[in-house]
Amino acid sequence: MLILGIESSCDETAAAIMRDDNRLLANVVDSQIAVHAEYGGVVPEIASRKHLENIYPVVSKALADARVCLDDIDLLAVTVGPGLVGSLLVGLNFVKALTLIKKIPFVGVDHMAGHLLSVFLSKEPPQFPFVALIASGGHSSIFHVVNHTDFRLMGRTRDDAAGEAFDKVAKLLGLPYPGGPAIGKLAESGDAGAIAFPRSWLAKGSYDFSFSGLKTSVANHIHQLRADNTPLPVADICASFQEAVVDVLSAKTIQAGVDTGCRNIVVAGGVAANSRLRHAMRDASDKAGLSLAMPPVSFCTDNAAMICLAAFHHYRLHGSDALDLDVYSRSPHLM
Ligand code: KG4
Ligand code: ZN
């Protein structure tokens with residue numbers, strides 16, 4: 001079976017072609033970062049228009065890269081939420097048009113299901129069941145993953161997502177959007193112990209997250225230094241902030257692994273591209289005797305390969321979707 005997947009939930013227009021044995025034949029990601037960087041974040045109206053411009057060339061390139069044509073495709077897959085509604089509609093309507101013209105079945109996929117299954121794009125995928133941390137621009141959630149389609153939410157952020165905190169702190173420091181990669185790079189030359197930013201643990205035993213207090217603390221620290229005309233120790237601020245985020249993400253994920261009795265831990269989503277988080281998770285899992293799996297860095301941020309994977313398992317269990325399928329901005333069950 002050959003699957004053509006499309007992802008357009010935020011600022012990446014992506015298309016991938018995958019066989020049902022997980023072999024990836026094409027993976028095209030057209031990022032709009034340069035367009036949105038000027039505004040310091042994603043502008044939804046511009047994102048939809050860019051998806052409209054990009055979707056046909058991106059899908060055409062994926063077909064060319066895989067050396068196949070539309071008639072070879074057995075299943076179409078598209079992200080239907082959560083995300084920016086105008087952007088999601090571009091992908092969904094494109095797929096509906098292909099379904100009508102080519103009579104190929106299609107399935108709508110939850111973006112979070114895609115991130116959860118992206119780990120199967122790694123050379124050493126995990127065994128079920130596992131506990132997964134999904135840390136991205138829109139979410140910081142911990143799931144108990146029973147199989148390819150059974151995901152049980154254990155905790156989520158109560159305010160800012162981890163990636164959102166990186167993006168907001170970067171903005172405070174005058175760093176470019178998206179903030180995660182910029183902060184990660186600067187943190188390499190900073191001292192993670194220089195500033196004692198707060199860690200929000202919430203109630204004992206809670207797997208929820210809260211990063212808005214940390215963000216406010218960084219903002220206050222920066223304002224104080226600016227008021228005193230003290231040069232900002234940017235690398236130290238980046239490293240200390242990053243350490244506070246990593247401490248909480250890793251400790252709660254490991255605790256969830258221990259509490260559920262799952263021997264396997266997964267970390268995915270855009271923030272899982274962060275090398276400090278990857279190292280900290282490796283150390284913490286080793287210490288707790290748990291096995292860790294992560295997608296390759298290039299599959300942590302948004303891509304369509306993970307959408308193909310989620311679609312295949314959805315199709316296997318539930319069959320195809322109908323042409324009246326709609327998009328959603330917030331996930332009804334996976335938030
Ligand atoms: O998964 P993703 O591409 O999109 C969403 O589903 O949100 O995640 C994007 C987020 C952004 O907030 C970005 O700043 C963050 O992931 N990110 C990182 C790194 N690379 C991307 N955060 C920390 N370190 C990184 N290296
Ligand atoms: Zn994402």
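The model is predicted: local features need pLDDT of at least 70, side-chain atom pairs count only at pLDDT 80 or more, and totals for chains, interfaces and linings use all residues. Residues are numbered from 1 along each chain as its sequence is written, and side-chain values use heavy atoms, with hydrogens and water left out.

**Shell around ligand 1**

- Around ligand 1 there are 19 residues (a heavy atom within 4 Å), of which Gly137, Asp167, Gly180, Asn274 and Asp302 come nearest.
- This shell holds 6 nonpolar, 11 polar and 2 charged residues, where Asp, Glu, Lys and Arg count as charged, Ala, Val, Leu, Ile, Met, Phe, Trp, Tyr, Cys and Pro as nonpolar, and the others, Gly among them, as polar.
- Domain 1 (2-115 + 300-318) and domain 2 (126-294) each give at least three residues to the shell; the bounds come from an automatic or database domain assignment.

**Polar atom pairs (N or O atoms within 3.5 Å)**

- An oxygen atom of ligand 1 lies 2.7 Å from a polar side-chain atom of Asp167.
- For the side chain of His115, an N or O atom is 3.1 Å from an oxygen atom of ligand 1.
- In Asn274, a side-chain N or O atom is 3.0 Å from a nitrogen atom of ligand 1.

**Backbone features**

- The peptide bond between Gly81 and Pro82 is cis, with omega about -10 degrees.
- Tyr177 and Pro178 are also joined by a cis peptide bond, with omega about -5 degrees.
- Lys103, a residue other than glycine, has a positive phi near 55 degrees.

Conventions. Chains lettered and ligands numbered in written order. Polar contact = N/O pair within 3.5 Å; in protein donor to acceptor, adjacent residues only side chain to side chain.
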